[in-house]
Amino acid sequence: MTPLASETREAARLREIFTQAGAVPVECAILQPADTLLDLYGEDIRARAYVTSDALRGEQMLRPDFTVPVVQMHMAHGAEPARYTYAGPVFRRQEDDAARASEYMQVGYEVFDGANLAAADAEVFALIGEALNGAALRAATGDIGILKAAVGALNTTAQRKAALMRHIWRPRRFRALIDRFAGRLPVPPARAALLAAADPFAGCAPVIGLRTRREIAARINTLHEDAAAPPIPENEVALIDAILSVREAMPYALEHLRDIAVDMPAIAPAVEQLAARMAALEARGVDVERLDFEASYGRTNMEYYDGFVFGFYAEARPDLPPVATGGRYDALTRMLGQGDAIPAVGGVIRPGLLLELGGRA
Amino acid sequence: MTIKLGVPSKGRLMEKTFDWFGARGVSLSRAGSDREYAGVVEGIGGVELVLLSAGEIPRELAAGRIHLGVTGTDLVREKLGGWEQKVEELAGLGFGHADLVIAVPAAWVDVDTLDDLDAAAAAFRAVHGFRLRIATKYHRLVRDFLREHGVADYQLVDSQGATEGTVKNETAEAVADITSTGDTLRANHLKVLSDGLVLQSQATLFRARGAAVTAGERAALAALTEKLGLD
């Protein structure tokens, strides 16, 4: 059997597991309108997805994953609660590493059910874990919701919180913003000169382009407000750092986060959500004593996940991407739902990697 | 068998390349008329001159169809994914200097750094309903640079020429382009961000790692690099 044929057969086997668990099999078009994906992910998606075009429909993308079309389909036609499964090829542009596949199968399981979020999180994780049964994989979990709650709890301006929320998935810029808002970095000379100027527009070049003088003036106002605002207190920065450094087995991570929540009560609901999830995972037979939890897990290249996140890795093969990944993406349904939002959680398996690791075929 | 040396086929880049080789005792010239894209090599044996568009030289190097080639580091890094595996930089030639920079309207007195650009892009998107547009032909280099520095809420729009005019024409809000003196940017009321240097480029002699060489060609290559003082 060719590699593609065995990968397709393995995908069908995995999808059957999800169908048996009650999911409805769905199909999605391979060609997706590019504007929706570009609007969601920004320019970075062009580095990851193949873009093509014709004179009639404009830019199209070869689907980089199923999540967006499945959410769109559900928002347009579906009724809650719903469970879907799918299997098919996805396409990823590779520009730097020729060893990575540019076409491979994905098999997914997606749950749209707001009745019990912790139970839905545990259901997806446990089912994917069972489907991977037999492969020697390490699972990592995280929860973007805890970091978001901590940012929301900071004793600072709404502007600063919005800037930090925007960059939760870009750790380097997030760190630079924290340092600046905490007054750890000196004000750049150009910024200081701008803030000191009686007329910032004195002698400046003509305003060209779509960004108006009013917009420039509005940002200068924002900068003045920011300069007048007190720095984020050191103890709160220390709490953010403490949260980000939590990395241990789930029960210990939970205790650690509960300690932090004593000093930052606003994160308590998110921490208790982790507790509820842990209980739901245990109820499904997951050995949580041996399940890693990292508070900063999922902050890179998993931008649409905004709560529970997880991945399964082959520890003996650090060169391979994760064999399965998933998480909660409530905010994505809000962006695609034109006002509607539905709690949603899901995950995908790469059958090709599972076979490469010597799983069943 | 001969070593194939790819050189830009016209203009100052070609003349300066000929001068650089000439100063090292390898005389390059065009055969026949100015319109003929065939070349002559004197002063060393076993080397064939191939005149090509500078923009095609990276591709020819990557494919191994030429053994050596002169082109800008900007073009090699833009056009070749994993360029270090495909070509080796033998020598910077000391001309064709150009910086790839991010520039915004000089009237944006509130924007001096990438940090400012990112904040302005977020506000721009909220007001105008679309991502701030940056016109460029260097998509890969600019995208990698902005991702590395955590700039969001922008989009790249393709501009293959007259890029500095796109802001005035309202087809972009900012540009990422090659500049050597900054005069064209200034004339178009644009300024370079203080940390907006994406890449410093110059004309460079590259060796194709994947080009097949016979024993004779290897000897010719060694003789050439020795004559050029590169070993």
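Leaving aside residues up to four places away in sequence, A:Leu257 touches A:Ile146, A:Val246, A:Val271 and A:Leu274, where touching means C-beta atoms, placed from the backbone, within 7 Å. Keep in mind that this is a predicted model, with local features needing pLDDT of at least 70, side-chain atom pairs counting only at pLDDT 80 or more, and totals for chains, interfaces and linings using all residues. Residues are numbered from 1 along each chain as its sequence is written, while chains are lettered from A and ligands numbered from 1 in the order in which they are written.

Now zoom out to the largest nonpolar core, which has 85 residues; A:Leu257 is among those with the most contacts inside it, along with A:Ile146, A:Ala150, A:Ile267 and A:Ile349. A core here is a set of buried Ala, Val, Leu, Ile, Met, Phe, Trp, Tyr and Cys residues joined through C-beta atoms within 7 Å, and buried means 20 or more other C-beta atoms within 10 Å of a residue's own. Helix α5 (residues 117-131) of chain A gives the most to this core, eight residues; helices are DSSP runs of H or I, at least four residues. Apart from this core lies another, of 36 residues, including A:Ile216 and B:Ala107.

Over in chain B, there's domain 1 (3-97 + 202-227) and domain 2 (98-201), with bounds from an automatic or database domain assignment. Their C-alpha centres lie 32 Å apart. Eight residues of domain 1 are in contact with nine of domain 2, and helix α3 (residues 73-79) of chain B gives the most to the domain 1 side, with four residues.

Notes: Contact = placed C-beta atoms within 7 Å. Helix = DSSP H or I, 4+ residues; strand = E, 2+ residues; numbered from the N terminus. Buried ≥ 20, exposed ≤ 12 C-beta atoms within 10 Å, placed from the backbone.
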